Amino acid sequence: MLYAWLGRNKFSTPTYDTKQEVRNGKTRFKCELRVPGFSYCAFGNSTNKKDAATNAALDFCQYLVRQGKMQQNEMPVVDSSTFDGANSSWQGGQQDNGEQTIFGNEGGGGDNTQQASTVRTDFVLIVLREMISEYHDLRVVLMSATIDTELFTNFFGSNSTIGPTPVIKMDGRAFPVQSFFLEDILQNLKYMPEEPDKKKKKGAPQEDDEGEEEVDDKGKNMNIIDDPNANQSLRIALSRLSEKEIPYGVIEAILSDIACRGVDGAVLIFLPGWSDIMSLFNRLNDHPEFSQSQKYEILPLHSQLTSVEQRKVFNHYEGKRKIIISTNIAETSITIDDVVYVIDSCKAKERMYTSNNNMVHFATVWASRTNIVQRRGRAGRVRPGYAFELCSKKRFEALDEHGTAEILRIPLHQIALTIKLLRLGSVGDFLGKALEPPPYDMVVESEAVLQSMGALDRNLELTSLGRMLARMPIEPVIAKVLILGTALGNSAPSVFDEKSGFPSRNRAVSTLQPMCEDQEIAAFVGERRGSSTSSIILMDGFELATSPSRRASSASTYSTNEKKQRKNSREIEKFIDEVQ
C-alpha cells in the first residue's frame with residue numbers, strides 16, 4: 001500500500017535501516033524507514049526481520065493519514081495477531097541517542113468491551129513499570145483521547161525510581177459537534193412512541209446469542225420525569241421508552257428527519273452487540289424509505305465480519321447516503337472520514353463474571369461518559385456534525401466518568417496461569433501492583449478454582465496440566481475440556497471465539513460429529529450437537545470416567561470409534577491420573 005501511494009504521488013522509494021539486537025538471549029529486529037522529502041522517521045520492531053519492516057511501513061502510512069495525505073480507507077486492515085505476540089496498539093522504536101521508546105495507544109478495544117483497561121493492558125503496564133526501574137533509558141508514551149491522567153500519573157509516580165510523570169495535552173483538530181439527548185430528540189421531532197403493550201414485535205431482538213442481557217440501571221428508570229411543570233406530551237413520550245430496550249423507532253425517526261433535510265453525510269449508529277445490529281439492519285431493509293438501494297448503503301460493522309466486509313465502511317458511495325451500524329469498534333479503533341451524524345445507543349457489551357456458576361458472559365451495560373463523548377466526536381472529523389444520544393440528560397449525568405477496569409469484572413484464572421508460567425512470583429503480589437488492583441478475595445478464589453481443576457498444586461505452583469492450560473489462549477475451563485475431549489477420543493476440531501471462549505457463531509464446527517457414528521451415543525447427544533452443551537457433555541463423561549468404579553471401562557464407554565475402544569484401559573487410567 002505504501003509503495004502504491006508513493007508511486008502515484010511520484011516520491012522515491014523508501015530506505016530501510018534494520019538493526020539486530022539481542023537482549024536476555026532473545027533477538028529482535030528494529031527497523032527505521034525514511035522517505036526522501038519527508039522529515040518523519042517511521043519505526044517498526046519484531047522478532048522477524050520482514051515483520052519489522054512491515055510495521056515500519058504501517059507506521060509511515062499512519063503518519064500520512066494523520067497529515068491528511070492518505071485516506072483512511074487506503075490503509076490496510078491489519079489483525080493484531082498477524083505479528084508475533086503483538087497488539088497493534090503497542091509499538092516501539094529506538095531514538096538516535098539510544099533511548100528505547102514504547103508507544104501505547106488506548107484505541108485498541110474490540111466490540112465487546114468498553115474502552116476501559118483490559119487485563120492484558122494491566123499486565124503489560126505492570127511489566128513496563130518494573131522495566132523502567134531496571135532500564136533507565138526506556139521511555140513509555142501512553143496516548144489516549146479519554147485517559148484518566150491522574151490515575152496513570154499516580155500509577156507510575158508511585159515508583160520512587162521513576163519520578164514525576166509528565167502529561168502533554170494536545171487540542172484536537174475536530175469540528176464542533178452539536179449533541180442532543182433523548183428528550184431533545186423527542187421534542188424536536190414531535191415523536192410519540194407507541195404504548196408499551198401495543199409495540200410491534202417486528203425487529204425486536206430474539207434471545208441474545210452473545211450473552212445474557214443485563215443493564216445496570218441502578219433500579220431506577222430515568223426516563224420518568226417527576227417535574228409536574230414539564231411538557232406533558234414529552235413526559236408521556238419518555239415514559240413509553242424503556243431504558244432496557246433499544247428504541248429502534250426513535251432511530252428510524254432520526255434517520256427520516258436526516259433524509260428529509262437533504263444534507264449529505266454518512267450516519268454512524270452505535271449499538272451494543274451483533275443481535276442489535278442485525279435487528280436494526282433488518283428493520284431498515286424493510287423500511288419503505290431506507291430499503292431503496294439506489295439511495296442508501298446500509299453496512300454492519302463488527303469484528304467478526306471479514307476484512308473485505310469491514311473495508312466497505314471506508315468506501316464512498318456516490319449519490320448514496322451511507323448508514324453504518326456498528327459496535328464500539330468504531331469508537332476509537334478506526335476513523336471513518338465522511339461521518340457527519342452519530343446516533344448513539346449509549347450502551348456497550350462488557351464481559352461479566354457470575355460467581356454462582358463460575359461463568360463469564362457478555363452483558364449490555366451503560367457506556368461511561370467519556371465513551372459517549374468519544375463517540376460524539378466521530379461526527380466532527382470533516383465538518384461540523386450532529387450527535388443524537390439515546391439517553392436522557394439525567395441518565396447521562398448519573399453515568400460513571402470512566403468504565404470499570406476489566407480486571408475488576410472477570411475471573412483471574414487465565415492471568416494467574418500466565419503469571420505462574422512466566423515465574424513472576426505470587427499472583428496476589430503481582431496483581432497488587434496493577435493500575436486498579438483487584439480485591440484479594442478474587443485472587444484467592446481464582447487460585448482455589450485452579451487448584452480444584454488440577455492446574456495448581458498445594459504450593460500454588462503449576463502442575464503438568466497447568467502448564468498446558470497456561471499456553472492455550474482460551475479460558476482454562478474450556479482449555480481443559482479440549483484436552484480431555486482429545487484424550488477421550490473426540491478428535492474433531494472445535495472452533496472457539498477468541499474473545500468469549502465459546503463456540504464461534506459463524507465458524508462453529510460440530511464437536512460431537514464423529515461420536516454420532518455410534519448410534520447409542522448419538523441418541524445420548526440428541527439435538528445438542530455443535531452447541532456449547534458439548535463441553536458439558538464431555539465434562540460429565542470425564543467425571544463419570546474418573547470414578548473408581550468406572551475407570552476400567554472408560555475407554556469403551558466414551559471412545560468415538562472401534563479403534564479407540566480397543567485402547568488399553570491402563571493407558572487411559574494413566575493419562576487421567578497425570579492430568580488430575
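Visitor: I'd like to start with a loop. Where is Leu460 placed?

Guide: Leu460 sits in the loop between α15 (440-453) and α16 (464-470). Keep in mind that this is a predicted model.

Visitor: Is Leu460 buried, exposed or partly exposed?

Guide: Buried means under 20% relative accessible area and exposed means over 50%, with partly exposed in between. Leu460 has 25% relative accessibility, so it counts as partly exposed.

Visitor: Which loop holds Lys190?

Guide: That one is the loop between α5 and α6. Lys190 also has a positive phi, near 55°, and is a residue other than glycine. With 73% relative accessibility, Lys190 counts as exposed.

Visitor: Now the helices. At what angle do α5 and α6 pack?

Guide: Helix α5 covers residues 182-189 and helix α6 covers residues 232-239; they pack at an angle of about 120°, and their axes are 10 Å apart. Because of that angle, α5 is oblique to α6.

Visitor: Is their crossing left-handed or right-handed?

Guide: The crossing of α5 and α6 is right-handed.

Visitor: Which residues make the contact?

Guide: From α5 come Leu182, Glu183, Leu186 and Gln187, and from α6 come Leu234, Ala237 and Leu238.

Visitor: How many of the contact residues of α5 with α6 are nonpolar, polar and charged?

Guide: Sort them by class, and the contact of α5 with α6 has five nonpolar residues, one polar and one charged.

Conventions: Residues are numbered from 1 along each chain as its sequence is written. This is a predicted model: local features need pLDDT of at least 70, side-chain atom pairs count only at pLDDT 80 or more; totals for chains, interfaces and linings use all residues. Side-chain values use heavy atoms; hydrogens and water are left out. Axes are lines fitted to C-alpha atoms, for helices over the stretch in contact, and angles run from 0 to 180 degrees between N-to-C directions. Helices (H or I, at least four residues) and strands (E, at least two) are DSSP runs, numbered from the N terminus. Angles under 35 degrees count as roughly parallel, over 145 as roughly antiparallel, 65 to 115 as roughly perpendicular and the rest as oblique. A crossing is left-handed if the near helix is turned anticlockwise from the far one by less than a right angle, and right-handed if clockwise. Contact means heavy atoms within 4.5 Å. Ala, Val, Leu, Ile, Met, Phe, Trp, Tyr, Cys and Pro count as nonpolar, Asp, Glu, Lys and Arg as charged, and the others, Gly among them, as polar. Buried means under 20% relative accessible area, exposed over 50%, partly exposed in between (1.4 Å probe, protein chains only).
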